[in-house]
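Please load the model in your viewer and keep a selection panel at hand. The stops below are meant to be taken in order.

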Amino acid sequence: MAVNDTIADMLTRIRNANMARHQTTQVPSTKMTRSIAKVLREEGFIGEFEEAGEGVKRNLVIALKYKGKNRQPLITALKRVSKPGLRVYSNKKELPRVLGGIGIAIISTSSGIMTDREARRQNLGGEVLCYIW
């Protein structure tokens, strides 16, 4: 089945796997999903991820992280901001702060996919893809 919004699909799969307390989840592999997974790994929200499959049917297998004995997910919520029907852009002065800096906003800039903190540090604006906390 063709998916128009691969980012929303990725966030939904991670959200559903977290709620079901799964160890891993599979997401269709694209440049964008690999970049977002890389940012999530660097920020400590997910464990490792790897590509599985061959040809067009490549998937990212993402290891999810939990905390404590009762396995509370590290990711509390994921929210898609910029959608295919309504793109949301922000300049360097108006980059969002998610929950006062507790969460992250993932921004697509001219220098690649990065967090709001990194974009602020590099003086870049761009498309606000999603919020994660």
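The tour goes from the nonpolar cores to the pocket, and then to some arginines.

This is a predicted model, in which local features need pLDDT of at least 70 and side-chain atom pairs count only at pLDDT 80 or more, while totals for chains, interfaces and linings use all residues. Residues are numbered from 1 along each chain as its sequence is written, and side-chain values use heavy atoms, with hydrogens and water left out.

**The cores**

Begin by selecting Ile14, Ile36, Leu40, Ile46, Ile62, Ile106 and Ile132, which have the most contacts inside the largest nonpolar core, a set of 25 residues. A nonpolar core here joins buried Ala, Val, Leu, Ile, Met, Phe, Trp, Tyr and Cys residues through side-chain atoms within 4.5 Å, where buried means under 20% relative accessible area, exposed over 50% and partly exposed in between (1.4 Å probe, protein chains only). At least two residues of this core come from each of H1, helix H2 (31–42) and the strands S2 (46–52), S3 (59–64), S8 (104–109) and S10 (126–132); helices (H or I, at least four residues) and strands (E, at least two) are DSSP runs numbered from the N terminus. H1 supplies the largest share, five residues.

Then select Val81, Val98, Leu124 and Val128, which are among the nine residues of a second, separate core.

**The pocket lining**

Now select Ser35, Lys38, Val39, Glu42, Glu43, Ile113, Met114, Thr115 and Glu118, which line the largest pocket. On a 1 Å grid over the protein atoms alone, a pocket is an open set of points where a 1.4 Å probe fits, with protein on both sides within 12 Å along at least five of seven lines, and lining residues have an atom within 4 Å of a point. H2 gives the most to this lining, with four residues, and strand S9 (112–115) supplies at least two.

**The arginines**

Which residue lies over the face of Tyr66? Arg71 does, at 4.3 Å from the ring centre, the criterion being CZ of Arg or NZ of Lys within 6 Å of the ring centre and within 35 degrees of the ring normal. Arg71 lies in the loop between strand S4 (66–67) and strand S5 (72–73), and has a positive phi of about 55 degrees although it is not a glycine.

Finish at Arg21, in the loop between H1 and strand S1 (24–28), where phi is near 60 degrees, again positive.
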